[in-house]
Each structure stands twice: as structure tokens, then as C-alpha cells.
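This report describes how two parts of one chain meet. The sequence and the model come next.

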Amino acid sequence: MKVSKNELTASLKKAFESLGFQPGDYYDAADMVVWLETHGFDGFDRLLSVLNYLNTTSPSHADLIEEEAGKFVLDGNATSILLCGSEAVDLARSYAIQGSSARLEVINCYNRTFILQRLIKAAQRDLAFVAYWRQQDYCVKVSVSPRAELPVYQTFILNEQLDPQMLRIFSGANVAQLEEEYAEYLQMGAMIGDYPMEIMKVCYTDSLDQGIEIDVTLWETLDDLVSRILVKSTEESRAGAGD
Amino acid sequence: MKNDLHTTEFYSDVTQLPLRPASKVMQLERLGSFHQSRLSFMRTLVRHMVTENWLINRVLFELDTEGYGTVIYEINAKYGTYSFVVFSHYLDPENRNDRVISNQWDLTMALCEGSVSQKQLEFLKANVPKQEAGRVDSRVLVLSRANRSARTFNYVVDSLAHGHQPDIDAIAEVGYLYRTTAAYGSGKLGMADWEKVWTKHRDFARPFAAEMFTCYMLRHFSIQQAEYLALQASPQTGVTLDIDLKRYIGIGNSTGLGMAPFLINHPLLINQWIEMRETAIATVVACSASGIDESTLKRLAESTGRVVQHLGEIVTADERQHKANTAVRQELELLYLWLQEQGPKLANNQYVWSSLIQYAEQHWLVETQELINTLLIELYPELVDRFEEQMWVEEIYEVTPEMMVVDLIALIEEKYDWALAIDFSLQESWGAFWYRSEEKMEPRLGRTHIDMGMEKEMPLGIGYRVRLCYDQLVGYNQSCSKQNVAHFIVKNPTFSGIVARVQTMALTYYGDIRENLIHQDVLPIHLLRCKLSFFGVSKFDPRSRLWVRNTMFQGAPLISDFDQPFKDEWQFPIKPVLNID
């Protein structure tokens, strides 16, 4: 079946709300899923992979465990980027926006591809971001130029022993400067693939024109989650709607 | 003459003119006293349809003798072609219900992009009548439904069938033949996203333009269907409606609580609407700096007289509204007399409009004040109509993480002083809560600790959330001074939403609506009226503090008027004087 971006976002917000997310968190999480799905990054598959976890645990956030002049380390406490991605990016940009560069690591976190949407949004305030993480046996690297609407998304052969659940984010004035300043961290192995912006654009345009294809089972799962925040209707409650 | 319009710190981005302060404008009672204006969406839509001479043709009219069947209108607008598809069904009168939870209607409708093929028509036929229980696709822009007026529809058909026009007073009492109970757009139920409409369908690239158009077409259909049924019943003696009566027939609307959360969940958009309206007022006030010509004063007198008559013709069983209408009429009669007596002398006065506004603020009801603002805006289309293209804004709410916590505390003290002034230790201050019912997710208002569902409360109590955030910030600042907001959120992640809202809205002129929406005596009807005024409705008829009936497009030009000379003066409809033998 097909859904619109707007109704998908609305449904996801309510679904995340039903999972205990707070306002702010559920807005951001919904936006992250929708962005991935509408730009061809399998947002629904990634959502499915985390729903069970979110459904069986209380929402938890990251803790700041280390801070030193533009270097931050957050412990994700095994949570999802859906819950700690915004605070991580905000922490990095709070430093970078004052003219310096920032390096931030989130350790012990999952579903890191969702960070894409947060980086794109944060880049609209004239900041650049580079981020990378280990995905199975390769490395994903994302670069976002200031005010860019789409990221450069590439995959590389691993050439260092990366913690499988770590995400590194660098923020500063522009991508070239970040590449130079943090060269020691950004030496990747051979590139094994990229995901052209042109395809992201086409995916997005198609999503808008034709709607977004969603598996009926997932849509029903979201409906089930949404139903948790609905209140049983009674004759008395109808009075609270004007009857 | 000194006027507080000139002492405020707020200035319009668009005109650099001083605006009324948020502390005055954003009070819920004032917002609930707004009336439609030239910037209202119906007014804008009609201006575009008429001046661009949209061509609207009936391409299918398959109704049986009872008026049931399918009708399609094809619309050739300035930038594109659209189809308005109507399904007319039999409805047992006992099942006729205006509530959103209803699942049967007299009419169901869809506004679609392009022409409709037979295959698409079959798809629409299978889904549109189900409304929320069906699914449509991204070719559909709006989905809507409507019910016949039990008081007027059959009466009008019978009158026409018997060869005479319906009694104008009977029409005036109701104002329409059909009443719509919902018009869904913006991607609901699989429809086209607003982003698609905005980028691909320029004819409807203004807020709610497609939804308003759907209601306009419903009005057109309602008249055609009534005439068709009359002629079916009496081919020999049946007549069509008098042209002035046709113009006087609008579309009814019932609006309930569902509209209220929209205003709270879209504060940037609401700020934009209000800022444009206020900019229009400021523009008008500024242009009276060096005097007003007599013809403008005369036009104001004429329009004031028209509103007096309009208010006198509104029929409402709501005592509060009736009293308000009466009082506003009396005050406008004073304005009318003043303009009659003093008009010629006023022409050379400086800042006449400032003086009038100031006088009204000191002596008259808020509703009268806002009506006067509407009337003043009306006088200067050449100055204010340009704001119609600025009624939309992209809504992005985001945290400014580098802001120091101490600065955020100061920001809340400055911009949300109204929220900090609420005493939440009083039970009445949190005596109500908002929730979504399992019946079509209808928003409802519950009584705290009395009704079920508090644990599923919607976060619409902005004032309360700001208060909690403020207290947390103050405590945090005492233990961790010189930290920024990013650090505060890492420690207090559940406040990220309200922090983003506060920081975003602080950058706007008008900010949030200044009301405690969880107070036990909250009047949601003010929220509904505010939004409806921007839609452009008239004749508010509150049925309780939770829902209101009103009239859309009453007095508006007909499609047959589109190629005629156009005077954009159909607001505040009054009973036409018919020349009937």
C-alpha cells in the first residue's frame, strides 16, 4: 500500500509516543525514519529492526562521559540513535557554531544510519559534518556540506579496528577543513561504493508524487502502536467532544 | 494622537511598520473575536478564481430522480486542470450526524489533479464514500463530505418545483443547503502531501486553498442539485433559483475540537497568519498618517452599515453569541453615526485610524475592535492583498544548542511571562486535559482526575510545559552554571521538545497563543473561531463551548460571475432584495 509523507510522519510520531518517547524525541525519530525511507535508505527495514527493542525497553538516552575542548564522548547505553542522535548532533554543533571544530563519539549505540537526517538538518545552520561508523564488515562515511540538502554517502573497506557500535561525528565550517583537521581519524580504506545524490533526489520526488510504498503489515503494526495512545470512547467521553 | 500602535517594540519584517504587541493580540479571547478579512483563504481563493477566470464545466451529471448518483466537474485553472468528483447517496435521516465520528453522509467528494479516467472513477467510487475508512492516492488533493440541511434542502426543492422562489427569510435563517463536516487534505488517507500541492499545483499553493475550493464546489453542486430535483419533480412548472438567492446560498460548516490541536501544534504557521493580518492593520493605520479622503470614509460608513445588518440577520440559539452580536451591533451603530456626522471633518485629521482603534480599545468590546480592524483592512486592497502570498511558512522547530542556559531562562521570562504567571498550584489551572479518542482519533477534552485517559494526555498545555522546563533550567543552572542548552538537554532529554519550541517561537513576533489550555474553564471555541476567521467563514453559531456552526462562501460570486466585472465585496452577506413578481 501507499501512504503520504505527511500521514507516515503523523503515524510514526504517535507510534513513538506510544513507545514512551517524549515530545521532541518523537518528532525527531519520525523525521529520521521518513527521511531515510524517502531518500532510498530503507528506513522501514531499519525501523523494523529496532521496533522490537523499543517495544520491550523504556526509552533511554545517552550520557556525556567525557568532555574536553571540543571533544565529546557520549555513552549511548545501548540505545538507538533515534533516541540519542539529536542530542549528539546538538552537542557537536553547539561547539562548532562558535567557530571551532568539534569531534564527538557516541559509543554503544545502534541504528546509526538514522543520523543522516539530523546531520542534514543541522547543516542548514551553515555547518559541515562528517560522520562514520562501522556497518557489518565495512565502514560508512557521510559528508554534509553547509546548507546541503543531501549527503555524500560512501562505503569503504575497514582499515582500523572500529568499535562495531560506535559513531564518530565531526563538525566545523566546511568538509575540506574537517578532512584536514581530523585526517588521522578520516583515513578510510578503499572505497567500495557510493550512493549518488541523483538517486536520493529521484527517490524523494517519487515519494512525493506517487506516495510511499509501505508493507501492510508494518502499517498495521504502526496502527497497533498508535492505538495505545487512544482512549476508550464512552458516552461520557463523547460529551468532551461537544455532544 | 498618541496611540499604543506607535509605542510597541514589534515591527513587521514585511513593512517595517509597528505592530500591535503579542501581549495584546495573542490573548485567546481576542483571537476568538477575529472575523474574516481580505486575507482569509476563501477571499483569496475567490479573487484568484474570478480574476483568473477559471473555467469550470460539468463533464458528468448522472443523478437519478432522487438526486443520487455521480457528478464530475472539470476545472481549468490558471496553472492546471483538476476534477471535482461528487457521490450523492441515500442517507436515512436518522443517520444524519455532523460529528466527525459519523460514517454515513448525503454527499462525499474528492478534488483530484487532472482529468478522471473511468478506471480512476471506479477507484474513487469504492473509496471516497468510506471517507476515513477508505484509502485514496496521491492524485487526490482533498476528501470531504456533507449533509443536507434538514431545514432548507427539501423546502427549496419544493418551492422551485411549485414554480416559486423560496422565502428569503427561510434561507437567511440557515444560509445553506448542505453542511460539510470535514475537508481533509495535506496527505491524509493517502492523498497528496501539502509539499506536492505547494510545489506542483500552484493554483492551490496557499494554506487550505484546495480545501476551501472543495467547499466552494460543494456550494455550486448543492444549487445545481436542488434545481435539478425541482425540474425532475415538475418539468412543466419547475423554476430555477433567482440569481441573487443563489449568491446568498453558502455552505454550512460544523467545526469541533479537532481543529483546536492544529493551532497548538502549528504555532509557526499561526504566527505567520497573525503577523500578516497585523501587518495589514499596521499598513492601513500608517496610510492614514496624513489624512483620509472622503470617499474612503464613506466606504467605511457603508461597510459598517452592512455589518450592522449582517449581525442583525444572524440566527443563533447561543445566548452568549446572541448578546455579543447585539452589543457589537450597537457599538457599530455608534461608529456608523460618528462617520455620518463627522466624516467630512475627519478627512484632514492625522492618524484617523489610530484614533478610531484607540477609542474602540478604550470603550468597546474586543469583538467590535476586531471587526473594525477587519473593516479597515477592507478599505485598502491595493495595500494589503499582496500579503495573501505570505500566509505560509515552512515549519521547522529546532534547538539552538549553543545558547547559554542562563540566556534561555531570561528568554522564557521575557517571552513566556504569561506562562510563568499561571499559578499551577491551583487545581483549576490543570483541571482539564486533552486526549485522542479511539473513535477516529477525535480530540476530546477530559476533566482531570474525573475522566479516563489522563495518562494518555496530549501535550497541548504549553504553558505548563514551559513552567516545568523553566523550573528545571533554574535548578540546573544553580548546580551547573555557565553551561549551554546542549548540555542541559543531554542531562534532561525529555525537555528537548519544549526547548525547541520556546527557542523557535521566541524568534517570531507573536509566538505562542497566551492561554492555559488545560485550565478547567478553557474555552476551546475561541481556538476554533480564530482558525475559522482565517478560513473566512461568517455567521458563527456556537452549539456549545466545544463546537460551532458557521457559513462559508455565503454571498460569494457564482461560477457564472467569473467572466463578469468583479467587486471583491461579498463579505458579511446580507439578505438580498429580490425582484420577484
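## Terms and basis

A salt bridge here is a side-chain nitrogen of Lys or Arg within 4 Å of a carboxyl oxygen of Asp or Glu. This is a predicted model, in which local features need pLDDT of at least 70 and side-chain atom pairs count only at pLDDT 80 or more, while totals for chains, interfaces and linings use all residues. Residues are numbered from 1 along each chain as its sequence is written, chains are lettered from A in the order in which they are written, and side-chain values use heavy atoms, without hydrogens and water.

## Two domains

Chain A is divided into domain 1 (1-59 + 197-228) and domain 2 (63-195), with bounds from an automatic or database domain assignment. Their C-alpha centres are 22 Å apart. Domain 1 brings 26 residues to the contact and domain 2 brings 21 residues, where contact means heavy atoms within 4.5 Å.

## Buried area

Between them the domains bury about 2100 Å², with 72% of it on carbon and sulfur atoms. Buried area is the accessible area (1.4 Å probe) that two parts lose on being put together, summed over both. On the side of domain 1, A:M32, A:W35 and A:M197 lose the most area, together 30% of what that side buries.

## Salt bridge

The rule finds one salt bridge across the interface of the two domains. A:D28 and A:R118 form a salt bridge through their side chains, at 3.4 Å from N to O.
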